[in-house]
Amino acid sequence: MKNFDVAAVVSGGASGLGEATSRALAARGVAVTILDLQEDKGAALAGELGGDATFVRTDVTDEASVQAGIADATGKDRPLRIAINCAGIGWAQRTVGRAGEPHDLGAFTRTVMVNLVGTFNVLRLAAAAMAATEPEEDGERGVVVNTASIAAYDGQIGQVAYAASKGGIVGLTLPAARDLSAVGVRVCTIAPGLVDTPLLGSLPEEARTALSAGIPFPKRLGRPTDFAELALAIVEHGYLNGEVIRMDGALRMAPR
Ligand SMILES: NC(=O)c1ccc[n+]([C@@H]2O[C@H](COP(=O)([O-])OP(=O)(O)OC[C@H]3O[C@@H](n4cnc5c(N)ncnc54)[C@H](O)[C@@H]3O)[C@@H](O)[C@H]2O)c1
């Protein structure tokens, strides 16, 4: 997609990877709708981006909530063609803990609900809206970029819930792209390694240095702008489809 005179939705767009992507899209002139639970950060970012940027408080697990977010984007003066899925949560717990207690089932369900079901909820509703637009070059109507994690492949001890939720996103990427080939909507997924977002920023400097040392090259944490650049590259590259791209400096995570 070379024409950026379009509308976009970015879930989790108020923080971290989603925020960087919202900024990058707005810088290219895209009318961004930020979908996030964080009202203060989301509204402030939309105000800062100006132009046609808006914020809609959204819970990605809720059907009506995402519909309202999509309606905001389709109500703008250009077609909705870009959906970026960044909303997500983490959870760390072993399958059976040291004291013999089993993994909390509610926490497992909640992690899968937000990360996997939430991603699919935005994907399906955004794609349905894109399907109703006039096609551009190659018959393309839009593109969806999801966010998995390298934990989908190298999940560590305590990452069973998170890895399952991200593995689900990896798994749906190809069939979703196949389904949506009928309407000219591409679907790709980014599997980031360790990226320096508010999530990792809360770790002590020592822990961050240790994490960086394990990354083959470049020997640094990923930057949110690295993610945003890749997301935009996927949007621009009309022949990328049905693929999951690791963005991790060749990091392969050890069991712990
Ligand atoms: N930072 C990393 O190293 C890293 C690595 C791999 C994958 N990821 C994934 O990237 C995505 C973004 O992570 P981040 O590091 O930017 O974290 P972040 O916490 O900075 O951003 C996540 C955003 O999602 C929002 N969110 C959470 N639940 C939501 C819900 N139900 N509905 C709407 N919004 C919701 C949060 O409010 C937050 O603004 C996540 O899916 C995460 O799993 C991050």
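1. Helix H4 (residues 105–131) packs against helix H6 (residues 160–180) at an angle of about 20°, with their axes 8 Å apart. H4 and H6 are therefore roughly parallel to each other (angles under 35 degrees count as such). Axes are lines fitted to C-alpha atoms, over the stretch in contact for helices, and angles run from 0 to 180 degrees between N-to-C directions. Helices are DSSP runs (H or I, at least four residues) and strands likewise (E, at least two), numbered from the N terminus.

2. This is a predicted model, in which local features need pLDDT of at least 70 and side-chain atom pairs count only at pLDDT 80 or more, while totals for chains, interfaces and linings use all residues. Residues are numbered from 1 along each chain as its sequence is written, and side-chain values use heavy atoms, with hydrogens and water left out.

3. H1 and helix H9 (residues 224–236) pack at an angle of about 55°, with their axes 8 Å apart. That makes H1 oblique to H9. The contact (heavy atoms within 4.5 Å) includes Gly16, Ala20 and Ala24 of H1 and Phe227, Ala228 and Ala231 of H9.

4. The largest pocket holds about 1300 Å³ of space. A pocket is an open set of points on a 1 Å grid where a 1.4 Å probe fits, with protein on both sides within 12 Å along at least five of seven lines; lining residues have an atom within 4 Å of a point. Of the 50 lining residues, Ile89, Gly90, Tyr162, Thr197 and Leu199 are the closest to the centre of the pocket. Elements giving two or more residues to this lining include H1 (16–27), H4 and H6.

Methods: Parallel < 35°, antiparallel > 145°, perpendicular 65-115°, else oblique. Points joined across faces, edges and corners; volume = space filled by probe spheres on them.
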